[in-house]
Amino acid sequence: MQRREILKTVAGAVAVAMVAPALAATEGHEHHHDHGGGKPFAGVIDTSSDCLKTGEACLAHCLVLLGQGDKEMAGCAQSVNELLATCTALMKLAVQGSSFTPAMARMAADVCASCENECRKHADQHAECKACADACADCLKACKAITA
């Protein structure tokens with residue numbers, strides 16, 4: 001296995017390890033304890049977790065390219081790193097049904113828009129960047145839907 005494939009595999013495993021517990025907490029829970037109203041932030045939970053998965057893969061890809069001397073990926077790596085921090089907080093608040101979720105979603109919308117713009121610059125050359133940009137666009141829509 002080449003170094004690049006190993007890094008992709010590790011990044012994928014890290015993404016799954018980070019997201020799986022939160023997803024497990026949301027899946028099936030409402031069947032056991034329906035408190036009425038369902039999950040008000042279900043769209044944000046789904047799209048922020050998608051951002052985490054695709055963002056981890058994009059960041060790992062950027063780091064490989066940066067390690068090979070491709071300085072063009074520095075901006076992408078930085079914006080994805082910001083996205084990961086933001087979407088982690090957003091997803092945790094949304095899963096809890098926190099009253100702070102809409103405020104976090106307003107900020108996350110800005111971060112998602114910024115990351116999407118940065119990733120779109122590389123989307124034609126790198127599938128990881130395209131997937132991340134698409135996930136950011138979806139999360140941006142979900143964030144706007146709960147803050148409108």
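The dialogue below turns to helix packing, and then to single residues.

Guide: This is a predicted model, in which local features need pLDDT of at least 70, side-chain atom pairs count only at pLDDT 80 or more, and totals for chains, interfaces and linings use all residues. Residues are numbered from 1 along each chain as its sequence is written, and side-chain values use heavy atoms, with hydrogens and water left out.

Visitor: At what angle do helix α3 and helix α4 pack?

Guide: Two packed helices are described by the angle between their axes and the distance between the axes. Axes are lines fitted to C-alpha atoms, for helices over the stretch in contact, and angles run from 0 to 180 degrees between N-to-C directions. Helices are DSSP runs (H or I, at least four residues), numbered from the N terminus. Here α3 (residues 42-67) and α4 (residues 74-96) pack at about 155°, their axes 8 Å apart. The two are therefore roughly antiparallel (over 145 degrees).

Visitor: Which residues of α4 are buried?

Guide: Buried means under 20% relative accessible area and exposed over 50%, with partly exposed in between (1.4 Å probe, protein chains only). An α-helix has 3.6 residues a turn, so residues three or four places apart point the same way. In α4, the buried residues include C76, V80, L83, C87, L90 and A94. Just after α4, G97 has a positive phi of about 70°.

Visitor: Is N117 buried or exposed?

Guide: N117, in helix α5 (residues 101-120), is exposed, with a relative accessible area of 53%. Its C-alpha atom is separated by 9.2 Å from that of C76, 41 residues apart along the chain.

Terms used:
Parallel < 35°, antiparallel > 145°, perpendicular 65-115°, else oblique.
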